[in-house]
Amino acid sequence: MKAITLLGSTGSIGTQTLDIVAQYPDQFRVVGLAAGNNVEMLIKQIRQFRPSIAAICAPEKLSILQDGIKDLDYKPILLAGEAGIIEVAAYGDSQSVVTGIVGCAGLLPTIAAIKAGKNIALANKETLIAGAPVVLPLIEEYGVKLLPADSEHSAIFQCLQGVPTHGLRKIILTASGGAFRDWAVSDLASVTVADALKHPNWSMGRKITVDSATLMNKGLEVIEAHFLFGMDYDNIEIVIHPQSIIHSLIELQDTSVLAQLGWADMRLPLLYAMSYPERIFTDWERLDLVKAGNLTFLSPDHHKYPCMNLAYAAGRAGGSMPAVLNAANEQAVALFLDEKIKFLDIPRCIEMTCARHNNAQNPSLEDIIGADKWARQQVIDVTEQLENRPQFISLR
């Protein structure tokens, strides 16, 4: 039985992880839970999974959490705030920490878990994108495993099993194309928030759905793939795959191409990251190729998805630039969702912010945190200049 700790337990990743634990109680047990603001759901999770420690990020809700479980026959440690989340990440005998905290907020807890000798099931891409210069040396120093728990990088990781060293030639990341896959570029100027949140394939959180619409999610995954698998950016490719059945592919040195297929179900990569190197039998719906039907592929339109080029450029720049890109995107998307900027302003804000950044090539943790904070403020500042910028960013 594997002991796990879950960061971001009330979000989409967290609830699906706990669905797996509930279905396979002989395989997994929960040591720690950390949540953001949903104290009611955290109370229910504590009652069901009986962790040794739990934390709520919002300090003002700690008393509600305490009252919500005071009748239980055991007394878990209850904490609050960022310090509480970090303590949960490092606590006890958990072998693996599933990092489902959204955004750069997951960086410090992930570092704490690594220093405590715990394997990381990485469901938060931003932690590695922003923090790779710090995180990757710590992974090596503490001898822990970093296992991808998102569908695309899990697909690559699964395809690589058995591939000899230096056998990999190219990584091919598949993308759904998002809400505007079938829109003309000329129509994007009139996009509303409601339009951007209409994903053609599935329902996700608001931020990731907008990232899918801009294809920034895939640009960030390119940077993550570079750090996870050591591939040069010239050898990481994006392809639009509307059916979302092939989750990603690898090309080997002899031109053979391997792919991982399945229905769109985040439980699959989560389960593999949690159980690795084992394969656990499930009764989930099996992939029926006849039912799946035709599988098609398109080259992404760089004029429709300028965020792709921004991500490649930031990745190649290295240093603290990916952290700035990530933070600028988070802030710009938040402003769009609040209807303070237009959809096409998202890449413009990101480009202007990255252009102003004084890149640090060997950033410390403090440098990365500082760059993240700086970029968020810069996005707010540059919105005042958007009226004087071109409608579409330049593609360099």
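Student: Which residue does D211 form a salt bridge with?
Tutor: D211 pairs with K207, their closest N and O atoms being 2.6 Å apart, where a salt bridge is a side-chain nitrogen of Lys or Arg within 4 Å of a carboxyl oxygen of Asp or Glu. This is a predicted model, in which local features need pLDDT of at least 70 and side-chain atom pairs count only at pLDDT 80 or more, while totals for chains, interfaces and linings use all residues. Residues are numbered from 1 along each chain as its sequence is written, and side-chain values use heavy atoms, with hydrogens and water left out.

Student: How far apart are they in helix α9?
Tutor: D211 and K207 are separated by about one helical turn, because they are 4 residues apart in α9 (residues 206-214).

Student: And how many salt bridges does the structure hold?
Tutor: The structure holds 16, but across the interface of domain 1 and domain 3 the rule finds 0.

Student: What does that interface bury, then?
Tutor: About 820 Å² is buried between domain 1 and domain 3, with carbon and sulfur atoms giving 75% of that area; buried area is the accessible area (1.4 Å probe) that two parts lose on being put together, summed over both. In this interface, 11 residues of domain 1 are in contact with 12 residues of domain 3, contact meaning heavy atoms within 4.5 Å.

Student: Where do the domain bounds fall?
Tutor: Domain 1 covers 2-148, domain 2 covers 153-264 + 287-292, and domain 3 covers 311-387, with bounds taken from an automatic or database domain assignment.

Conventions:
Helices (H or I, at least four residues) and strands (E, at least two) are DSSP runs, numbered from the N terminus.
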